[in-house]
Structure formats: structure tokens, C-alpha cells
Amino acid sequence: MDTLILGLDGLEPTLVEQWRGDLPTLDRLMGSGSYGRLRSSDPPLSSPAWQWMFTGKQGGKHGCFGFTRRKENSYERVPLNLTDVHAETLWEALDTAGVACGVVNVPETYPPTELDNGFMISGWPIPNRTNPAAPSDVLTELEAELGTTYKVKPTSMGPELKQFSNQKVFEEMKSAIRHRKRAFETLLSMYDLDVFFGVFTATDIAGHYLVEDEARLRKTYIEQDEALGGLLEQVPDETNIILMSDHGHGAKGTRSFHVVEWLRKEGYLALDSDSDIDLSRRLLRKGGFTRENLLRMKNRLGVGDVRELLPQPVFDVAKRTVPAADEREQKVLSEQIRWDQTTAYVGSEQNVIFLNTEDVHPNGTVPPDRVPELRDELKTKLESLRHPDRDEPLVTELKTREEVFSGPYEAEAPEIVFIMDEMRCKVHTGLNGGELFSDNGIGEHRQDGILITTGPSFAERDEVRRRSILDVFPLALSLSDVALPENVDGEVPMERLDVPLEPSFRESRDEAGEVDTYSAADSDEIKEQLRGLGYLD
């Protein structure tokens, strides 16, 4: 094998440095090559981050800006899948060049890509009851070797994790890491590959739910390091290794900001709050029929995953109608918004604001010539917000569309990307009873992940400059002597190489193929998974 690319989702560089003495595998890799910060996407959330990484391009060139997209001629938000990414991926570029590659558990890669020289097993999020592999017999053969079912989602979802003890959360992370390690080891023994690209995700989930339990978060990192060490025993010494995280983790504050409430208060968004959906939820909540109570009952009865027990239509209706216990915790549906009175909105994406422009939206209210004025007005108001507990600016970073995005899909991009209290203040997209702030109980992402490079093509250097997540794509292609698309946004980090490479360029193959839209049931299932980890309200 020539190149091993491993993603440790949400691996936090400051914690790796703090616990380096307890992480011998990472310590060895860092000491034998180079390591440094890897700046994530804008905003630093998992979906855009992995899309930026595996295309080498920001969203203006491939059309994806988060976990969901706006349905054509509509305001409804639907979950993205890999067919929505209108840009050549890393594995497609390698496969076209005849490089045999295996791609496993990379987030946002369903449905799997059919490769001539390798295979793919999709990562999360993914519909239930589906085969995530291409070709499909890869999964059959893998499970035969494992002697058990391969799980794309080997841990419970967020609502259950919130009710687990920290020890039980850690046990789930340990089990997930070991499950993924066995799968990776088995696949490496089954196939003769030039490039293997696999992602572990437990460090991300642990960063969300164990942020206040440093001892168990540290044990999760140690467990991941041990799994990494065992996996590398199967990798030839002459293999180049790229180890990276899509963003950092562990930012912890006490506040969440409800941007929809702020937009309503400032007069940018109008909402019909007396919908039939609201009334039905109030009645159910009054009768104690809430998600939290149902989940407690399920756990007391020892019932397994209800997604596999209930008929899909029943499960879909339950997800849509059963409310949260707190009446303030309510997602906003597109049909509740008075679009003819709305100039700015958030869709379902965190840390961004869209404008309801006439040239893009079906009921747009903002003419193109008013966009700069409205954008600057929003920017000024956001930057004037003060932290509710400290006399400091709440917004610590803000970028406009043209500062982040460019390309054929720029018009669909958010107008503003903003970070609050260096990601310690979570940005909610749901309602909060008219209040701007609520309590925050889980850890959030950080802007910088980590990049470790080691192997025969890399030099041993103590200090290397901060790199962009966009740079991993051209680096991986160059190591396999594959020409880069001429419109790639990233660049090869030459300072990390033992002998500088001279990448060649070719015409890009960013063709917008046919989008494989999720069914209504699958779409609701994906939304529930995203909501479970806090990516949707």
C-alpha cells in the first residue's frame, strides 16, 4: 500500500498535545514526521468539513454548505447525500487514474460510489435498512470475516447518549472504536490496495458528550490511540501516512444562541406560530407524551433500537409529531415561515444566515441591489451583540459570502458565516419561547483540527505552518502521482515533503450528475440522526 489516509473525526490538537505521553502511537507518528494545525471549513462543522476535504474545494464549487440543502423551487430543507456534491471526489480521481483505493466510513458518502479499481463503504449519515457498500458483496464478505454485522452507526444517537451515564457513553465509544478497527484491519487483509481512506468517529461523539468528564474523554483518546497502533501493525513500513481531523473539539460554554429568535426580534423573519403542528404538539406535551418520556420508558423496558422494531410509517409519524418536554425546544418548519415578509433566515444550518433573494428563492423579497446593504446591516448588528455573561463581543469571527465561497454555486451559499465565543456558544436554529439564550450542555467544535504526515515521502520537521483542510486532497493525489483538477482550491504542503513534488494539472471533471434524492421516509430518518447529535434542531 502506498498511502494510508486516516480521519479521526473531531480529534482536538490541544488535547493530543496535553495527553501526548499517554498516546504512544500518535506520539510516534508526530515524532517521525510533521504535525500541526489543520484549519477546518467555514463553519467548522462535520458535513462541510468532509466535503471540503474530499473534493479539495469550498462549497461554491460543489454546491454543498452543510448537512441539508434547499429543495428546488421550495424552501423545504432536505438532507444532502453524496450525489449532491457536484465535484470530483478524491476516490473518483484516484480510480480514474487506475489507483486501487478503499474508502470506508467517510461521513457524507452515501450512496456509495461504484469504483473500477476499489470499493466504498459509506459513512454516516445513512438510511436504515440499506446496504452501504459498492460493490454490495464487499459488505457480505466483510461480515463473513468479522462474524458479525458491520455497523455504520455503532453507537446510540444523541437523545439516548444524553441520558446515559458518562461511563456508559465511554463504553459505547470504546465499543465503536474496536468495531471500526476490526473492520479496517479485515478489509486491509482482504484487498490489495494502493490507497486506503478510513474514518473513526468516536472522538467526535465523545467530544460532544464527555466534554465535562476529562478522565473519560482522555480514556477515549487512549482507546483510539491503542486501536490506531494495532491497525498500523498491518501497514507496510514504506507506506505514507496522512492522519487528520476534520475540526477540533471540546469548546465548552454555558450558553446557546437562538438565531431564529434573534432574526424575529430584529424584524428579518416572520413566523406563523399558531400552526396546526404547534397545537398538536402542545396537546401531546400536556399529556406527558414527549420524546424524553418515551425514551425513558424504552430504556426501562430494555427495548432495542426502535428504528428497527417499528414499521417505518409509524416511526416516521412519531418523529414528526412527538414534541420535546420543553415547549421552547421546537424546530422551525418551512411552512411556518411567512416568506413574503421574511428577508433573512437560517434554514436548518448552524452558524450561517441566508438572504431571501429574489433571484434564487421562489418567494424572494430581497432584490439583488439590496443585498450588500442588508448583509452589512446584519453584520453590524451581529458584531454588536454582547456576551450575556461577560462584557465582551459575542461574535468572535464573521465572514461574508464572497470571503468564503466562489464558483458556479455561490448564489446558493449563505450570506454570512459567524462564530460565537470561539464556538463555545452553540448556535441553535430552533425556537426558544422568544428568548435569545438557553443553557448549553454539550461540547462544541473548534476551528482547528490536526494534520500528521509521516512516511518515506515526508520529512521530519518540528515546525510546520497551519494548513487548510482543502490541502489534504491535492496532497493525497500528488503522493499517487495523479494530476490535480485545475480548479482545486487546496495546495500541496511542500514544506512537509522530503523531496518536493511537482504536481501536474488537468481539466476538472466537476460534472453535475443526477441527484439521487432520498425518499420521504429516508429523509426523515437522516434528519433524526442529525438531530440526535445536535446538528439540527
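Buried, in this talk, means under 20% relative accessible area, exposed means over 50%, and partly exposed is in between, with a 1.4 Å probe and protein chains only. Helices (H or I, at least four residues) and strands (E, at least two) are DSSP runs, numbered from the N terminus.

What you see above is a predicted model, where local features need pLDDT of at least 70, side-chain atom pairs count only at pLDDT 80 or more, and totals for chains, interfaces and linings use all residues. Residues are numbered from 1 along each chain as its sequence is written, and side-chain values use heavy atoms, with hydrogens and water left out.

First, the overall picture. The protein has 18 helices and 22 strands. Of its 537 residues, 59% are buried. Take contacts (heavy atoms within 4.5 Å): among those between residues at least 6 apart in sequence, 73% join residues at least 24 apart.

How many of the 8 residues of H17 are buried? The count is 8 of the 8, so H17, residues 472-479, is largely enclosed by the rest of the structure. The buried residues include Phe473, Pro474 and Leu477. Just after H17, Asp481 has a positive phi of about 55°.

Next, salt bridges. The rule asks for a side-chain nitrogen of Lys or Arg within 4 Å of a carboxyl oxygen of Asp or Glu. By that rule there are 38 salt bridges. One of them pairs Asp510 with Lys57, at 2.6 Å from N to O. These two are 453 residues apart: Asp510 sits in the loop between strand E22 and helix H18, and Lys57 in the loop between helix H3 and strand E3. Lys57 is buried, with a relative accessible area of 0%.

Another salt bridge joins Arg465 and Glu491, whose closest N and O atoms are 2.9 Å apart. Arg465 lies in the loop between strands E19 and E20 and Glu491 in the loop between strands E21 and E22, so the pair ties together parts that are 26 residues apart in sequence. Both are partly exposed, Arg465 at 45% and Glu491 at 42%.

Last, Asp369. Its place is the loop between strand E13 and helix H15. Is Asp369 buried or exposed? At 66% relative accessibility, Asp369 counts as exposed.
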